[in-house]
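Let's work through a protein model together, one question at a time. Have a look at it first.

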Amino acid sequence: MIVQMTVILKLEMPQDSLILEKSQNWSSQKMDHILICCVCLGDNSEDADEIIQCDNCGITVHEGCYGVDGESDSIMSSASENSTEPWFCDACKCGVSPSCELCPNQDGIFKETDAGRWVHIVCALYVPGVAFGDIDKLRPVTLTEMNYSKYGAKECSFCEDPRFARTGVCISCDAGMCRAYFHVTCAQKEGLLSEAAAEEDIADPFFAYCKQHADRLDRKWKRKNYLALQSYCKMSLQEREKQLSPEAQARINARLQQYRAKAELARSTRPQAWVPREKLPRPLTSSASAIRKLMRKAELMGISTDIFPVDNSDTSSSVDGRRKHKQPALTADFVNYYFERNMRMIQIQENMAEQKNIKDKLENEQEKLHVEYNKLCESLEELQNLNGKLRSEGQGIWALLGRITGQKLNIPAILRAPKERKPSKKEGGTQKTSTLPAVLYSCGICKKNHDQHLLLLCDTCKLHYHLGCLDPPLTRMPRKTKNSYWQCSECDQAGSSDMEADMAMETLPDGTKRSRRQIKEPVKFVPQDVPPEPKKIPIRNTRTRGRKRSFVPEEEKHEERVPRERRQRQSVLQKKPKAEDLRTECATCKGTGDNENLVRYPS
């Protein structure tokens, strides 16, 4: 019996596994055919309002929810390969990857605005103040009728990234006095959007509730459909590429190119959108696309965006009930300035490229001229050497003629050696003048003659220096006037040391300073046998505490009463006796001298 039971169980197990596999395959095939609208999250597809799928991105939507105008007879282009015409959403027709102006989410189906921007069709339906040019086709979307103060005014309570919580426009819960705010697409993820029935005649049939006021069952199946829609959109493209034949894929791509060319032509011929005359400032932080670009730029520059704090305070209210002032981020003046700046930068770059080409040409010409200059200098030296040899030979012949005639003949001017011009003090008297003409000057530091326009002449040593060779280097030529001059660092250090010595001599031993600089006289010669006269230091009569007064005769008291100016005048009038005239010998010329014409030189 036990053996028979085991045999029966072994025979029945394969049948059960086959039933399970069949049920799984049936359910998977059924889920493949069930399409969910990305606007209302409904899965009912009727003949009057069927769910269609984009043949490029694979997104699914009701015809009524997207406003399909019947330009394509296809209800679902994926039903067969060649029997229907391909259908594409507006974003695929224009060939763009749009970003919504009303929310930070990038998934979903989009519609283009009259100004060339893009918004989710769900956001356009649920955000109050957004209008449509054609209600049946739901395009174009107009955002100018909505108050711009709504951008970034409220913070979304469902956003995971706090940096995007104040982007776009947030709507409030429609349940009475509830103060919950959220983005439309964030509420769609949580299954909080609802729509009134078709039988109810309501002007605004779209409602949104928070988690506390939403219907639990309705929210549960909408949340389930949203997750199924996301997984289906990710898997459908890969499966469709495998299922479609190359001919069908080529047909879809050709049709897509036709739609894109048509959309490009319509964009060029489209009339300009109406813009209000008054300035409408909008914060830069309220645009999700701008924040993404700034974050991308920070990532490329190596800047961490996590260290910057996020302002979560409500900017629309304050303690006293008044509205806080919000600084405008994008005004018409700023936009005009930005475009003009870009145009100016382009012009400057073009001018810089032209100047660079001219500089390269001039440098090439300068190199050629340097080579020719060196050749001419070499030939000039050869000619000068040859001229010197011929002059010496001519002088020898002229001297021989003088010997033959027995007379002293005057040498003609052509045989005389040219006089070397002595350099002036301005040109530096210690330097030797070169026989070559000073056409190219060389730097006193690097000893090179390139970049002649960057050579700077020192007014003291008369040497030329490159601006980059100086220490510290200069960025531009210093200004020179009649009363000012420029000197190099070496001359400046030498001059500063002399100035310090002169300033040290200006301070007298008693601590007083002279009112103006006086020229120092040379130290006169004083023989060592005769000691110098000691200086007379005047002694002042000071009165000290605890000491007795010294006895001063009446004659000295009378002298003290004489004013100081009179005493100074008397000291000037009194002539000092002359020192003895000691004759001595000069060390250079061995001549005699006295104290007036001999100067002592310290050894």
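What follows is a short chat about cores, cysteines and helices.

User: Before we start, what kind of model is this, predicted or experimental?
Analyst: Local features need pLDDT of at least 70, side-chain atom pairs count only at pLDDT 80 or more, and totals for chains, interfaces and linings use all residues, since the model is predicted. Residues are numbered from 1 along each chain as its sequence is written, and side-chain values use heavy atoms, with hydrogens and water left out. So the kind of model is: predicted.

User: How many residues are in the largest nonpolar core?
Analyst: A nonpolar core is a set of buried Ala, Val, Leu, Ile, Met, Phe, Trp, Tyr and Cys residues joined through side-chain atoms within 4.5 Å. Buried means under 20% relative accessible area, with exposed over 50% and partly exposed in between (1.4 Å probe, protein chains only). V39, V61, L102, I109 and F182 have the most contacts inside the largest core. Its residue count is 68.

User: Which helix gives the most to this core?
Analyst: Helices here are DSSP runs of H or I with at least four residues, strands are E runs of at least two, and both are numbered from the N terminus. Several elements each supply at least two residues, including α2 (63-66), β4 (118-120) and α7 (246-269). With six residues, the top giver is α4.

User: How many disulfides does a search of the whole structure find?
Analyst: A disulfide is a pair of cysteine sulfur atoms within 2.5 Å. The sulfur of C103 has its closest cysteine sulfur in C123, but at 3.7 Å that's too far for a bond. C186 has the sulfur of C159 as its closest, and 3.8 Å is too far for a bond as well. The search's count is zero.

User: How far apart are the end C-alpha atoms of helix α9?
Analyst: The expected span of a helix is 1.5 Å times one less than its number of residues. Helix α9 (residues 332-405) has 74 residues, so it should span 110 Å. The end C-alpha atoms agree with that, being apart by 104 Å.

User: Which residue just after α8 takes a positive phi?
Analyst: Helix α8 covers residues 288-301 and reaches 20 Å from its first C-alpha to its last. Among its buried residues are A288 and I291. Just after α8, the residue with a positive phi of about 80° is G302.
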